[in-house]
Structure formats: structure tokens, C-alpha cells
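Hello,

Here is the structure I promised to pass on to you.

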Amino acid sequence: MKLPGHDAIARNPDEHLVTHRIKLPRQIVERPLRQVAKRLLMALAVLALTTFIVWIDRDGYHDNSDDGLDFLDAAYYSTVTLSTTGYGDIVPYSDSARLCNILLITPLRVLFLIILVGTTLEVLTERTREEWRLNRWRSNLREHTVVVGFGTKGRSAIQTVCATGLKPEQIVVVDPSAKVVDAATAEGYAGVIGDATRSDVLLRAEVQRARQIIIATQRDDTAVLVTLTARQMNRGAKIVAAVREEENAPLLRQSGADAVITSASAAGRLLGLSVLSPSAGMVMEDLIQQGSGLDLVERPVIKAEVGLGVRETDDLVVSVVRGHRVLGYDDPAVGKLQLMDRLITIVRATATSPMAPDAKSNPPRGGLRT
């Protein structure tokens, strides 16, 4: 088996030291410096308000060092009072000053302390909040799609499945690079940092409960190991893998992949077709781009089509899926359409759905294009 190139698994040797962890899409929050600046301004505003209140009622306070209370003394008293220091050199002695301390100064002192420790409280509660989000995410994650590798192939695969209606919340990206996972979470996908060939990393991605697994690694041997591990953990999931060398495709199928895409050969065939017929190359490129122009979709046979020939349907049928066989439109074995058949058709892409209208009542499992 060939081992072409370097994989994303080995992008940076230092990243192997990072323990695998889950990253959820970030919520929009203010920058830390801006938060600190806002709290500092609020604390200064409380201090200024307290100083102003003491200065207005300065005749009700007694200073042990002298008889009068100037503005500096008011600021000093406000500072030591809000910080709960309380040296006792300046004290309120009139009824109005003491009532003002009870009704105004004490609440301002509490507010001042809350502002000062707000950053610390936020740091302490952030872990609890993140843990709660993580537990809720795990409990709600069912029938999702796991994408191993967030390179060019992985991104394109996600864009295609999302074009069929799959929500970003139902996609989990697995990649060993923290920067790549950060890019995935920035786009609204959950991410797991770690080596996907390890079962504990795939467990964090909830592979055992996934409906679809897309393997888009850069090395064929890595794809084989990931496929073997994923298939062992989830017997019923649909696994689609990409390989560089066509000779490694049978090994991927033996490892448990339901479909194997040879990326290098497919690109080469499209290049050759474009040389022979640029128009045909444009049509093929349009077919593989979901949601624009013409789409190649798989849908079930509806009751009105049962008993009809392939040419008698409204859509342009390319193949018929019967059981585990894929029959061409001109295959004599197709005969009449049966209720359990599935049709691979070419339809005009619409803004609402890439599937034919008759297929909306019974959409294909997972909404994946063929």
C-alpha cells in the first residue's frame, strides 16, 4: 500500500502533545481588555458617586485630624469605605450622614466589590458553563455526521451535506490541529482535537451514535486505520472515505467503507474530460456542485411511478438502485419500477431543496447525494 505525502495527522509534531478535547462553536463575547476596561470605568463611576454623596453631606462627618472635611477627605473616606478598610479616622456622626451610609453608601460598597471580583467570578463560572454546554451537546447529539479532516476535501464535503439541509449543529469535525478545529468552530461546527485513529478520540466525537462518517485524511494509510476503528465502533453508520491512490480503494472497502472516492483519479478524469470536451467537463463539474444548476440526487420511487418504465418518469433517471445493485437506466434487468427501488436522477437545483418534489415526503436517509 502506498503512503503518499504527509498527512494532516502529522502537520506539527508538537500538536501530538495536546490531549484530545472537544471544542464547541464559540459564543459571541466581548474582548477581555474591553470587559476589564468597562468594569474599571464602572468602579470609578461608583467611587466618584460615593465621593459626591459624602461631599454633599460633609457637615455630617467628623475628621479626627481637623474639624473640617474637604473634597480630598471625602474621596479618601469613599475609598476606604468602598474597599471595606474602614480606618475610623473619618466617621459619620449626624443622623442624615448615618442614614445616607445605610441607604446609599452600603449598596454602593456592595456594587463596588461585585465589580472588582466580577472578572474572577466569570473565570470561575466559565468552566461550569462550558461543562454544562458540553454535557447538553452530548445528550442531544444523535444521528449526526462526523467529518475526519477539515482540509479542502473535508470542507467541500461539509458544504455539500449542508446544502441538503443538514444543520451545522449536527456536524462534528475531528482533526489533530488545534488551529484547524478553531477554524471549524468559527464556522459553527463542533470540533474534537486529536488523532482520529484512536478510539478514545472518536468516542469524544460520539461516533458510536453517528449516522454518517466522512473520512477526508491526506494519507491513505491513515484513512484505512480510521475506517477500521470507526467501523468497529459503529456497525450501522454509512462510511465514505477518500483515497489518493486508486489501488488502495479495495483496502478501504475491506476495512468497512461503504463508498470510496479516489480523489486524484477523479480530478484527473475530470481534467481529461475537459480537454476532450470543455462543455462536458462543465456539466460534470455542475453535477458535483450541490445546489446550483443541475444536481445528481437519489430519491425513492413514489407510488405513482410503480409499474412504469424508467423513461416514463418525469425526472431524467440515470440509474436504479434495487437492493444492493445499481442498474443503469438501459439495463434490461430494470424492467418496471418497484416500490422499494431508488432512483438516481438529474434534476434542476432549486433554492428550497435539491430533491424532486415527490421525494420530499420520503427523503433519502441522511439526505446525501450519490
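**Around Leu327**

Leaving aside neighbours within four places in sequence, Leu327 is in contact with Ser319, Val320, Ala333 and Val334; contact here means heavy atoms within 4.5 Å. Before going further, please note that this is a predicted model, in which local features need pLDDT of at least 70 and side-chain atom pairs count only at pLDDT 80 or more, while totals for chains, interfaces and linings use all residues. Residues are numbered from 1 along each chain as its sequence is written, and side-chain values use heavy atoms, with hydrogens and water left out.

Leu327 lies in strand 12. Helices (H or I, at least four residues) and strands (E, at least two) are DSSP runs, numbered from the N terminus. At 6% relative accessibility, Leu327 counts as buried, where buried means under 20% relative accessible area, exposed over 50%, and partly exposed in between (1.4 Å probe, protein chains only). Ile344 is 17 residues from Leu327 in sequence, and their C-alpha atoms are 10.0 Å apart in space.

**The sheet it belongs to**

An open sheet of four strands has the order 10-13-11-12, with antiparallel pairing; two strands pair if DSSP finds at least two bridges between them. Strand 10 (294–300) and strand 12 (325–328) stand at the edges with a single partner strand each, so one side of each is left without a neighbour in the sheet.

Strand 11 (residues 316–322) is joined to strand 12 by four bridges, antiparallel, and Arg322 has Arg325 in strand 12 as its bridge partner. Asp295 has Val347 in strand 13 as its bridge partner. Five of the seven residues of strand 10 are buried, so this strand is largely enclosed by the rest of the structure.

**A parallel pair**

Strand 5 (residues 171–175) and strand 6 (residues 190–193) are paired in the parallel sense over four bridges, and Val173 has Gly191 in strand 6 as its bridge partner. The chain passes from strand 5 through helix 5 (residues 178–186) to strand 6 in a right-handed β-α-β crossover: with the strands pointing away from the viewer, the path from the first strand over the helix to the second runs clockwise. Ala190 and Val192 point one way from strand 6, Gly191 and Ile193 point the other way, and all are buried.

**Cores**

Which residues touch the most other members of the largest nonpolar core? They are Val146, Val174 and Ile213, in a core of 30 residues. A nonpolar core is a set of buried Ala, Val, Leu, Ile, Met, Phe, Trp, Tyr and Cys residues joined through side-chain atoms within 4.5 Å. Helix 7 (residues 220–233) gives the most to this core, with four residues. Apart from this core lies another, of 16 residues, including Val46, Tyr77, Leu108 and Phe112. Beyond four places in sequence, Val146 touches residues including Val172, Val174, Ala205 and Ile213.

**Record and totals**

The unreviewed UniProt entry lists residues 36–56 and 102–124 as "transmembrane region"; its positions are given in the numbering used here, feature names are shortened, and annotations may be inferred rather than shown by experiment. In the model, residues 36–56 are 100% helix and 0% strand, with the end C-alpha atoms 30 Å apart.

The protein chain has ten helices and 13 strands. Of its 370 residues, 41% count as buried.

Best wishes
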